[in-house]
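Let's walk through this protein together, one region at a time. Have the sequence and the 3D view open as you read.

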Amino acid sequence: MKHEEQQIIRLLKEGDNRAYKYLYDRYYTLLCAIACEYLGDPFLSENTVGELIFRLWEKRETLEITTSLRNYLIRATRNRCLNVLQLERERREIAFSAMNANEYETVRVSESADYPLAVLLIDELESRIRQAIENLPADTRKAFKMSRFEHKRYEQIATESGISINTVKYHIKNALVRLKDELQEYLLQNEQQNL
């Protein structure tokens, strides 16, 4: 590690604002470009890098940087982007599975009087969803139903089914991929690109 970087890390640990400014001035643009490669969204990339540098400042006293500062920041950016992508995948899974039978009924009741065609479309979609779920392999279907309709945690499903948590995760992921493929015509175009 260069002497200049050692000095910056020392100033950072001491809480010197010049070190914080140095991180922004020297690495912000580079880190945003790297983040954008992972995330594909300039605004999200800037927020992610801004958060990263802010977290560095918060944890400055306990930082242990053994590589070059540049390499450390690049690796930290990559890890943060992977976390953001994972959270986004989980958010989409939850959004997909969050609508339960009661919510379908609420939509149907509110739209039935004013939009009879909407009721027909919703009925068709519900039917296609039920059929798509029934088309899943038996173990995948069982895990998916326990998760989404019985609201059981992965640990509960694993215990009750006599399988590992990783197997439960595999079944849920498999179910979501198959359902997405089978119900693709019902997804909005931009949603298809995001999934």
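Which side chain does a polar contact of 3.0 Å join to that of Thr140? The partner is His171; a polar contact here is a pair of N or O atoms within 3.5 Å, where, within protein, one must be able to donate a hydrogen and the other to accept it, and residues adjacent in sequence count only if both atoms are side-chain atoms. Before going further, please keep in mind that this is a predicted model, in which local features need pLDDT of at least 70 and side-chain atom pairs count only at pLDDT 80 or more, while totals for chains, interfaces and linings use all residues. Residues are numbered from 1 along each chain as its sequence is written, and side-chain values use heavy atoms, with hydrogens and water left out.

Back to Thr140, which sits in helix α7, residues 138-148. Helices (H or I, at least four residues) and strands (E, at least two) are DSSP runs, numbered from the N terminus. Thr140 is buried, at a relative accessible area of 2%; buried means under 20% relative accessible area, exposed over 50%, and partly exposed in between, with a 1.4 Å probe and protein chains only. Apart from its neighbours within four places in sequence, Thr140 is in contact with His171, Asn174 and Ala175, where contact means heavy atoms within 4.5 Å.

Now for the overall picture. Of its 195 residues, 30% count as buried. Among contacts with a separation of 6 or more, 57% are between residues 24 or more positions apart. The protein exposes about 12,900 Å², with carbon and sulfur atoms supplying 51% of that area; accessible areas come from the Shrake-Rupley method with a 1.4 Å probe, and for residues only the protein chains shown count as cover.

Just after the helix, Gly40 takes a positive phi of about 70 degrees.

The structure holds 0 disulfides. Cys32 is buried, with a relative accessible area of 11%, whereas Cys36 is partly exposed at 26%.

Next come the aromatic rings. The structure holds 5 aromatic pairs. In one of them, the rings of Tyr20 and Tyr24 have their centres 5.5 Å apart and their planes at 75 degrees, so the pair is edge-to-face. Rings of Phe, Tyr and Trp (its six-membered ring) pair if their centres lie within 6.5 Å; planes under 30 degrees apart count as stacked, over 60 as edge-to-face and the rest as tilted. Tyr20 and Tyr24 both belong to α2 and are 4 residues apart, about one turn of the helix. An α-helix has 3.6 residues a turn, so residues three or four places apart point the same way. Tyr24 is partly exposed, at 26% relative accessibility. Together with Tyr28 and Trp57, Tyr20 and Tyr24 form one aromatic cluster.

The rings of Phe144 and Phe149 are also edge-to-face, with centres 6.2 Å apart and planes at 90 degrees. Phe144 is buried at 3% relative accessibility, while Phe149 is partly exposed at 45%.

To finish, return to α7 and what follows. Arg148 lies in this helix and is buried, with a relative accessible area of 8%. A polar contact of 2.6 Å joins its side chain to that of Ser147. Further on, in the loop between α7 and α8 (154-161), you reach His151, which has a positive phi of about 55 degrees although it is not a glycine. Most residues other than glycine have a negative phi. His151 is exposed, at 55% relative accessibility.

Technical notes: A disulfide is a pair of cysteine sulfur atoms within 2.5 Å.
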